[in-house]
Amino acid sequence: MRRPSPTGRPTGGRPPRPRAEQAEQLGFEGMPERLFVCTPSKLGAYADCPRRYRYSYVDRPAPPKGPPWAHNSLGASVHTALKNWYALAPDRRRPEVLGTLLKGTWVREGYRDDEQERDAFRRALSWLESYVAGLDPADEPVGVERVVAVKTAVLAFNGRTDRIDSRPGPDGRPELVIVDYKTGRTGLDGDDARGSQALALYAYAAERVFRRPCRRVELHHLPTGTVAAHEHTPESLQRQLTRAEDTARDIMAAERAVADGADPDEAFPTEPGPRCGWCDYRRTCPAGARTPAKDPWAAVERPAEPAADQD
């Protein structure tokens, strides 16, 4: 007669099943692979340079970054000021409040000196004043700094949109529009909006979150006051989604290779080029270290005035 164990179960009998057999019994065999959790910046990091992706998301502890960039500080300050402008009641959304809003959100890191920082602040304020002059304070966006998320067979995507508007579509029914603010020195055109994977993924996700069509994406370039726009189709959104899924598969394959003992440098190769000078990990990366470094304030520096002709 079997003696009961302290748990009340009989001892002895058949040995426990092997783990593989247990997994099969529980239905683990044939389960789909894990979804790749990502944001636009995560996908973009790998597309720009697999080595930069590795330094950002794989290596732990992550290598130290370089100094902060002034253009990132400027962009973050402007974005947050616009977010806070929309957080005000409509009757308080007036141009004269922008100075206070910008001061409250201003990020000071990366500038060459106080003079350059003050100049950047004045420029940013003028961009904001010009931009909100073209907005109706009574318009309430569907979302401001709104996170949208969607799952596919490969991706668990989430991203934070600058703004989601609702506007009449071709048939008069409301449709969603993705708005992305840009503060870089270079102007943008329709090709930039059409080719932006981030904007397409935002539109794809927003359409499913809000259950309303979302095909139009816009880049609002505050320094020039221009709007670069593109009207997607379901097919073009699907192409961008497929491209993102292909990138995710490449990333997961590289991560598995490293986990199985592959050389991380071979699994995540470098993509040397001009952008190496702007990389946070330039000092860590052997290829990047051979590229001349950019000053942290280089992207906000005003172009030099042409020299006057000498008589």
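This is a predicted model: local features need pLDDT of at least 70, side-chain atom pairs count only at pLDDT 80 or more; totals for chains, interfaces and linings use all residues.
Now show side chains on α3 itself, residues 50-58. The buried ones are Pro50, Arg51, Tyr53, Arg54 and Tyr55. Arg52 is another story: its relative accessibility is 26%, so it counts as partly exposed. Follow the Arg52 side chain to Asp48, where the two form a salt bridge with the closest N and O atoms 3.0 Å apart. Asp48 is partly exposed too, at a relative accessible area of 27%.

Next stop: charged pairs elsewhere. Side chains of opposite charge can pair when their charged atoms come close. Across the whole structure, a search turns up 25 salt bridges, and a few are worth a zoom.

Select Arg112 and Glu301. Their side chains meet in a salt bridge, 2.8 Å from N to O. This pair ties together distant parts of the chain, 189 residues apart: Arg112 is in the loop between α5 (98-105) and α6 (114-133), while Glu301 is in the segment after α11. Colour by accessibility and Arg112 comes out partly exposed at 38%, with Glu301 partly exposed at 32%.

Move on to Arg302. Which residue does Arg302 pair with in a salt bridge? Select Asp119: the closest N and O atoms of the two are 2.9 Å apart. Here again distant parts of the chain are linked, with Asp119 in helix α6 and Arg302 in the segment after α11, 183 residues apart. Are the two partners buried or exposed? Asp119 has 17% relative accessibility and is under the 20% cut-off, so it counts as buried. Arg302, at 48%, is partly exposed.

Finish by colouring on confidence. The average pLDDT for the protein is 89, and 87% of the residues score at least 70. Then select residues 1-28, where pLDDT stays under 50 and the model has 14 contacts beyond four places in sequence.

Terms used
Residues are numbered from 1 along each chain as its sequence is written. Side-chain values use heavy atoms; hydrogens and water are left out. Buried means under 20% relative accessible area, exposed over 50%, partly exposed in between (1.4 Å probe, protein chains only). Helices (H or I, at least four residues) and strands (E, at least two) are DSSP runs, numbered from the N terminus. A salt bridge is a side-chain nitrogen of Lys or Arg within 4 Å of a carboxyl oxygen of Asp or Glu. pLDDT is the predictor's confidence in each residue, from 0 to 100. Contact means heavy atoms within 4.5 Å.
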